Amino acid sequence: MPSKKAPAVEVEVAGRSVRLSSPDRVMFPQAGYTKQDVFDYYLAVGDGIQRALDHRPTTLQRFPDGIDGEAFYQKRLPARGTPDWLNGAEITFPSGRKATELCPVDLAHVAWAAQMNTVVFHAWPVRAKDPDQPDELRIDLDPQPGTDFGNAAEAAGELRAILDEIGAQGWPKTSGGRGVHVYLRIQPRWTFVEVRRATIALARALERRRPDLVTTSWWKEERGERVFVDFNQMARDRTIAAAYSLRANQRATASTPVTWDELPDVEPNDFDLRTLPERFAKVGDPHAGIDDTPFDITPLLEWSAADERDGHGDMPYPPDHPKMPGEPPRVQPSKKNPANWSDD
């Protein structure tokens, strides 16, 4: 006979009653972690995950049959069957289409998402009140083949030195994989296009400082064994796994805020569903002060303008974006036809 499923339970979270059904569903088969484990994890790191998602439109990466099953990205709140207290925020995609995404205003929203088999939370770099003006500039340091987390951490250290020179504070975290993310809280005064250009300027400054270690080349064939600064993570509708979000791998790792002093010595695989709650209870959230000092990105925009005067303008957008003003052709260098190509 088939084993009996565990009954649903009602859990009070942030003053709301959240129903947790199928708590014994296995979400991470290799480790044996269940839906209950995922739910409990997000409650244990609640202050951290809520700080990362607070009032941000959030895409949910859901796994109805666990991470070995099919997944989908939920970019719209369900039309029916949601609690009446669930909060949403309207965002606009590059195509101009709009959608209402989950917008967590308290931990009950995170718990509801976990009940819906969400493993990964992808927050937009905006708040609901200013959905077209980012308040978070994100630097994604992505190790390429032949490099590893240690190289990304080294690149992050070089980035920190640049940020110190312009009076900006960066907030590092592991990606949950091989990479490093560094966030800057910024004033919500600029468009996605402007913040992306500021990110490109910062990435180019880092590349000039350490061309042996860092690349901004969009085309993989040009990157070599270096750490790629993925500037297109600041394009509209591009998101990064939030701080404290689990990742959909068999180890159940999590994207984990760390201090600058910790970063060179951490092992990202050490931060997972079981170990991170203990760490959080012991040391708290290294990103607790992230909202205190928003940065004015004017110096970065000045760098961008200087780069453009020197012949280094915009970079290609992701392939699913509409063609943007000033964007170079989306043709990888090895496929350029000199007869039809002009750099003017």
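Modeller: What follows is a tour of one arginine, then of the aromatic rings. Keep in mind that this is a predicted model.

Start with the place of Arg 223. This residue sits in the loop between β13 (214-215) and β14 (227-229). Arg 223 is buried, yet has no salt bridge. The nearest side chain of opposite charge belongs to Asp 142, 5.1 Å away.

What does the side chain of Arg 223 reach? Another is the backbone oxygen of Trp 218, at 2.8 Å. Leaving out residues up to four places away in sequence, Arg 223 touches Gln 144, Thr 215, Ser 217, Trp 218 and Phe 228.

Arg 223 lies over the face of its ring, 3.7 Å from the ring centre. Elsewhere, Arg 196 lies over the face of Tyr 317, at 3.5 Å from the ring centre.

Now the ring pairs. The structure holds eight aromatic pairs. Tyr 41 and Tyr 42 have ring centres 5.0 Å apart and planes at 70°, so they pair edge-to-face. Tyr 41 counts as buried at 2% relative accessibility. Tyr 42 is buried as well, at 1%. Phe 228 also pairs edge-to-face, with Phe 231: 6.1 Å centre to centre, 75° between the planes. Both Phe 228 and Phe 231 are buried. Ring pairs also link Tyr 41, Tyr 42 and Phe 121 into a cluster.

Technical notes: Residues are numbered from 1 along each chain as its sequence is written. This is a predicted model: local features need pLDDT of at least 70, side-chain atom pairs count only at pLDDT 80 or more; totals for chains, interfaces and linings use all residues. Side-chain values use heavy atoms; hydrogens and water are left out. Helices (H or I, at least four residues) and strands (E, at least two) are DSSP runs, numbered from the N terminus. Buried means under 20% relative accessible area, exposed over 50%, partly exposed in between (1.4 Å probe, protein chains only). Lys and Arg count as positive and Asp and Glu as negative; His and the chain ends are not counted. A salt bridge is a side-chain nitrogen of Lys or Arg within 4 Å of a carboxyl oxygen of Asp or Glu. A polar contact is a pair of N or O atoms within 3.5 Å; within protein, one must be able to donate a hydrogen and the other to accept it, and residues adjacent in sequence count only if both atoms are side-chain atoms. Contact means heavy atoms within 4.5 Å. Rings of Phe, Tyr and Trp (its six-membered ring) pair if their centres lie within 6.5 Å; planes under 30 degrees apart count as stacked, over 60 as edge-to-face and the rest as tilted. A charge sits over a ring if NZ of Lys or CZ of Arg is within 6 Å of the ring centre and within 35 degrees of the ring normal.
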